[in-house]
Amino acid sequence: MAKLNVNGKSHEYQADPGTPLLWVLREQLGMTGTKYGCGVAQCGACTVHIDGVATRSCVVPAETVKAGSKITTIEGLSPNGGHPLQKAWVALDVPQCGFCQSGMIMAAAALLKSKPNPTDADINAGITNICRCGTYNRVRAAIKVAAGGGDAKTAGLSIQHADGSLT
Amino acid sequence: MSAVESTVSGAGRRRFLKGSAAAAGSLVVSFHIPFVRDAEAQGVAAAPEVNAWVVVQPDDTVIIRIARSEMGQGSLTGLAQLCAEELECNWAKVRTEYPTPGQNLARNRVWGNFSTGGSRGIRESNEYVRKGGATARMMLLQAAADEWKVPVAECTVADSVITHAGSQRTTSYGKVAAAASKLTAPTEVKLKDPKDWKLIGKRLARLDTVDKTTGKQVFGMDLKLPGMLNAAIKDCPVFGGKVKSFDAAKIASRPGVKKVVKVGDSAVAVVADTWWHAKSALDALPIEWDEGPNAKASSATIAAMLKEGLDAPEAFVGNQAGDAKKAIADAPRKVEAVYSYPFQNHATMETMNATVKISTGAGGAIERCEVWCPTQNGEAALAAAAEAAGLKPAQCDVYKLNLGGGFGRRGAHDWLQQAVHIAKEFPGTPVKLIWSREEDMLHGKYHPITQCKMVAGLDAQGNVTGLHMRISGQSILAGLAPQNLQNGKDPVTFQGLNPGGAEGAFGYAVPNLLIDHAMRNPHVPPGFWRGVNLNHNAIYVESFIDEIAAATKQDPLALRRKMLAGSPKHLAVLNAVAEKAGWGKPAPDVDGQKVYRGLAQIMGFGSYVAACAEVSVSDAGDLKVHRIVAATDPGHAVNPQQIAAQVEGSFVYGLSAALFGGCTVKDGRIEQDNFSSYPVVQMQHMPKVEAILMPSGGFWGGVGEPTIAVAAPAVLNAIFAATGKRIRDLPLKNHSLKKA
């Protein structure tokens, strides 16, 4: 049995050589938050972190991930959806269909690690994930909210939440 | 207790087991999901429904049933707002659930139409959804009045709390729901005056956001059922072709492979324990195709077929006034232009998929077919499943899951029928079919391909005295639903060009007008592609109006204003974008580049929309779309922040098509097989979008689609302003904008 360290835990799995990490996560480890979108590293729906680096898992054979490497998926980004990006995403109602959003958030989290205060150009270069619904402008706004300390009001969307709060 | 509740109890109330996303915790769904209820999953005792639309739990949780599908457009939340507005419940405790199409069938279509397309979710169901809420409110109030033995007229309600002021008593919906469910529903229901709305028109947060940020949202592709197998499929890449042969023995010993299944005449599927095993085995399977006569078709042969239609003597008339041909012949001056619009793939982020379980009875006869899938039309999915299974619809059901994008593709159920045929080979075992991206790209239901010839006759002052718009090309109805053609004519073709009506009234006043359609149907299957025929119709009309303005040296805004004088709602959105964008004043330079503007307006899907695009084009020909101002008048606006999201998203979809989209045909098949050959708009291309919402009241228009139609023509007109180049066929990536 091969092993992968995912979200802080060691997991045993069995897969043929060449099986992409994406499908080991989804079909062997039952973590379906990471999505299949294209299979050729074009769309970014399958983005996870390997040792902190945003990686498109659909083209990474699982056996090439080193035993000591730490993989983080959307399920492990924060204990309870409390990562500043996830909070900003909820505050600004970023997702539409939601399918690309796991990858989008993982790409954004890696971007913020390397550029804590990204410019528009940094965001353009760092977020190359595809969204067909068209959430890009709210994704950009949410990244800036998270980078700026989390005050969602700065985005100016005036969204009224069920708990009565306004962002 | 209602029929549905009996069914629920009788089935043993199996339900979603809330999937922990932890390592071993695969998302498992039971075989019967009558309703998917958060409250039930948390162990709260189920309450009887007050009526078909509303269930109130003892803890005052209100469950609103939503018949339409949620695919990102936000109408799950909007429809709940409509129902809750009349219900007067506590919005913080509102949850939603999907009734199944099987239940709808069993209950005489109590939830009406399940179809979620044509931007109809809210505009066509708002009245009965509001009535559902109002009826439930009246029953809940009556139950409280009965308990207190006071006249119901003396009882009031706010946020699910019922008060009888006279006796200073209060109760809540949760406490009287059981009694209310036993009452007869009132027949006379009065809806609120729009001025009294409290939830409709509010910028409320969506009800379905949180799970989309944590990976917990279960899409069709994520579904896992006990014992489930997985399937991958290849259909003949040439539409209309067939399977000649395949060598199943070559892959029989590959890991996990269970069976190779021929699906219909044209497809082969591999079924395996995991999808990766199925997909990789399918890739290794030798298949020979009988490609048939369509293998000779190409983009060039299709273009020639359409070109012939531009001057064909016979065509269906969609809009006519006066004698356009005579007016043009008599005119001292003519302007003429020919345009075209290519096939486009929907390219939903989640590829097509469906999970099917076939059950058999004595003697192995098929008795039941159950489907779990993302669909835009539960009822059509049910009919498709029944047809493929060879069963009556009452022997089938469809459990809807949220869609990873729809855009019209998931209103057709070819993929679902494939899944049913495959599952028939494994009775008792659920089988999940997932299309690879390549399969999804090669077997779309494509945006119809059309060409258009515009001819205008002008008088000496530059007024348009006659206009002939001849569209030649594909009919969606002819391809998808020929039974809906009207004497061979496809009325949907004329979206935005009609003499009147919700599906798009042509706003421009032209004394002699002829808009007609020469139907030419290539072999590539068409479909409803977000924005539908309004997309190319708007490009043709709005580009040509600009061409007339240029030819007659009139300002594009002034010309439109003159011709729209009799169409105040069309004019209002146009004026709004022109004013906000600063039309008539030069736009500030961006990064040393001059910025130019272009306008477009159209009416469609019940709403009036306009856009002003600001672009720059460098000397090297690099186009940058900087800013778009977009106005929408949808009559009533249910959730303005979600409408803004739809408008922004419309530009992503519309600009993807304009800048990069376009599926070409070679040897009878589509050439673009993944995002590498079918690029779409990404973050770096995205302009700033300023959405102006100007609901004028009195009608209900859609918002998911109309704005897409103005994205491309506004940009094309701005490119003309910037370069003097008139682009008449898309995508723009095929053209050089470099300075000559």
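These legends describe close-up views of a predicted model. Local features need pLDDT of at least 70 and side-chain atom pairs count only at pLDDT 80 or more, while totals for chains, interfaces and linings use all residues. Residues are numbered from 1 along each chain as its sequence is written, and chains are lettered from A and ligands numbered from 1 in the order in which they are written.

**View 1. The two domains of chain A.** Domain 1 covers 2–76 and domain 2 covers 84–155 of chain A; such bounds come from an automatic or database domain assignment. Their C-alpha centres lie 22 Å apart. The contact takes 15 residues from domain 1 of chain A and 12 residues from domain 2 of chain A, a contact being two residues whose C-beta atoms, placed from the backbone, lie within 7 Å. On the domain 1 side, β3 (47–50) and β4 (53–56) of chain A give two or more residues, and β3(A) gives the most, with three residues. Helices (H or I, at least four residues) and strands (E, at least two) are DSSP runs, numbered from the N terminus.

**View 2. Helix α10 of chain B.** The 12 residues of α10(B) (residues 378–389) should span 16 Å at 1.5 Å a residue, and the end C-alpha atoms are 16 Å apart, which agrees. The expected span is 1.5 Å times one less than the number of residues. Of the 12 residues, 10 are buried, among them Glu379(B) and Leu382(B). A residue is buried if 20 or more other C-beta atoms, placed from the backbone, lie within 10 Å of its own. The cover of these buried residues includes α4 (101–106), β15 (353–360) and α11 (414–423) of chain B. After α10(B) comes Gly390(B), with a positive phi near 75 degrees.

**View 3. Ala385(B) in the largest nonpolar core.** This core has 292 residues, and Ala385(B) is one of those with the most contacts inside it, as are Leu92(A) and Val715(B). A nonpolar core is a set of buried Ala, Val, Leu, Ile, Met, Phe, Trp, Tyr and Cys residues joined through C-beta atoms within 7 Å. Helix α18 (residues 706–723) of chain B gives the most to the core, with 13 residues. Leaving aside neighbours within four places in sequence, the contacts of Ala385(B) include Cys369(B), Val398(B) and Leu416(B).

**View 4. Chain B against chain A.** Here 55 residues of chain B are in contact with 55 residues of chain A. On the chain B side, α7 (275–284) and α17 (640–659) each supply at least two residues; the largest share, eight residues, comes from α17(B).
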